[in-house]
Amino acid sequence: MNSIFPGVHRGISNTEYHADSAISKSKLWNMRKSPAYFKWAIENKQKQTDSMAFGSAVHTLFLEPENFDLEYIEYQGGDRRGKEWESFKSKHEHKTIMKTSELEPVFDCVASIQHHKPIIHGGEIELTAAWIDQETGILCKCRPDVAHQGLLIDMKTTSSIDANDFARDAVRYGYDLQAFMYCEGIHRATGERPSVFYFLVVENTAPYLSAIMRAPIEMMASGEVKFRKYMRTLANCIEKDSWPGPEYFYIDGQDSILINWPSWA
């Protein structure tokens, strides 16, 4: 269902944003596996992982602290099973439940990044932008954590703020695609292209080191290549109503996927 139309939107909740059918980075990223996986992921709600829940909690506590108690609640009981747990869960079914041991690192992460607060001061939090991709005619959307005076900021929790380590995470999780889509979306929706994209990064284990990292030109270019490739594939799949799996190679009478053997092995 499309409830978000081209332009800039304020005051849209996370629930409304994620329910809309426009193409986001998280949806488009599934195309890296195959069109078949993309279609399956669209049609089946994905379960939130523990790392996703942790990152979302840090995000909310830092950027939207007024919403934290509305969205999260602490469970001080034992294991997540038994009558006590089931009763607690039923009473708070609309909140994310986190144990004390899970919440403490959230507060530690936020304490670590408080000195970065000036970079987001005066920025718009969770601004939604939607646009029609000019090449494919497909409606896209994005939701930067912070948009402020020509720059965009996205928060990330990570295992290491070392620049090389974070670069590996960026490749693995498609942060290049995200950075490009967010800048493209704001540009198409407002007419002004952001001049820089920052990641506000904090480690998810003690001592919870944090840093602000800037997306280089090469990263943005890589994101654009992925965006164009995946969008063209999506448009082709929609046109043909065909959603194939990964490419297969016919070898010795069998359909098989050729292993991409790494050069360093």
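In helix 10, the buried residues are Met-219, Met-220, Gly-223, Phe-227, Arg-228, Tyr-230, Met-231, Leu-234 and Cys-237. The model described here is predicted. Its secondary structure comes to ten helices and twelve strands. The radius of gyration of the chain is 20 Å, close to the 18 Å that the globule rule gives for 265 residues, so the chain is as compact as a globular protein of that length.

**The chain as a whole**

- Along its principal axes, the C-alpha trace spans about 55 × 50 × 45 Å.
- Of the 265 residues, 43% count as buried.
- The accessible surface comes to about 15500 Å², and 52% of it belongs to carbon and sulfur atoms.
- Among contacts between residues at least 6 apart in sequence, 63% join residues at least 24 apart.

**Helix 10**

- Helix 10 covers residues 217–240, which makes 24 residues.
- At 1.5 Å a residue, helix 10 should span 34 Å; the C-alpha atoms at its ends are 35 Å apart, which agrees.
- An α-helix has 3.6 residues a turn, so residues three or four places apart point the same way.
- Met-220, Gly-223, Phe-227, Met-231 and Leu-234 are among the buried residues of this helix.
- Just after helix 10, Asp-241 takes a positive phi of about 50°.

- Five strands form an open sheet in the order 4-7-8-9-10, and the pairing is mixed.
- Its edge strands are strand 4 (124–125) and strand 10 (210–214), each of which pairs on one side only.
- Strands of a sheet pair through backbone hydrogen bonds, either parallel or antiparallel.
- Strand 7 (residues 146–148) pairs with strand 8 in the antiparallel sense over three bridges. Across this pairing, Val-146 stands opposite Ile-153 in strand 8.
- Strand 7 and strand 8 form a hairpin with two residues between the strands, and Gln-149 in this hairpin takes a positive phi near 45°.
- Strand 8 and strand 9 (residues 196–203) run parallel and are joined by eight bridges. In strand 9, Val-201 is the bridge partner of Lys-156, and Glu-203 is the bridge partner of Thr-158.
- Strand 8 (residues 151–158) has seven of its eight residues buried, so this strand is largely enclosed by the rest of the structure.
- Helix 4 (residues 50–63) lies across strand 4, strand 7, strand 8 and strand 9, and runs at about 135° to strand 8.

- Another open sheet has three strands in the order 1-5-6, with antiparallel pairing.
- Strand 1 (7–9) and strand 6 (139–142) stand at its edges with a single partner strand each, so one side of each is left without a neighbour in the sheet.
- On average, neighbouring strands of this sheet are turned by 20° against each other, direction ignored.
- Strand 1 and strand 5 (residues 128–132) run antiparallel and are joined by three bridges. Val-8 stands opposite Ala-129 in strand 5.
- Helix 9 (residues 175–190) lies across strand 1, strand 5 and strand 6, and runs at about 80° to strand 5.

Conventions
Residues are numbered from 1 along each chain as its sequence is written. This is a predicted model: local features need pLDDT of at least 70, side-chain atom pairs count only at pLDDT 80 or more; totals for chains, interfaces and linings use all residues. Side-chain values use heavy atoms; hydrogens and water are left out. Two strands pair if DSSP finds at least two bridges between them. Helices (H or I, at least four residues) and strands (E, at least two) are DSSP runs, numbered from the N terminus. Axes are lines fitted to C-alpha atoms, for helices over the stretch in contact, and angles run from 0 to 180 degrees between N-to-C directions. Contact means heavy atoms within 4.5 Å. The expected span of a helix is 1.5 Å times one less than its number of residues. Buried means under 20% relative accessible area, exposed over 50%, partly exposed in between (1.4 Å probe, protein chains only). The radius of gyration is taken over C-alpha atoms; the globule rule is 2.2 Å times the number of residues to the power 0.38. Accessible areas come from the Shrake-Rupley method with a 1.4 Å probe; for residues, only the protein chains shown count as cover.
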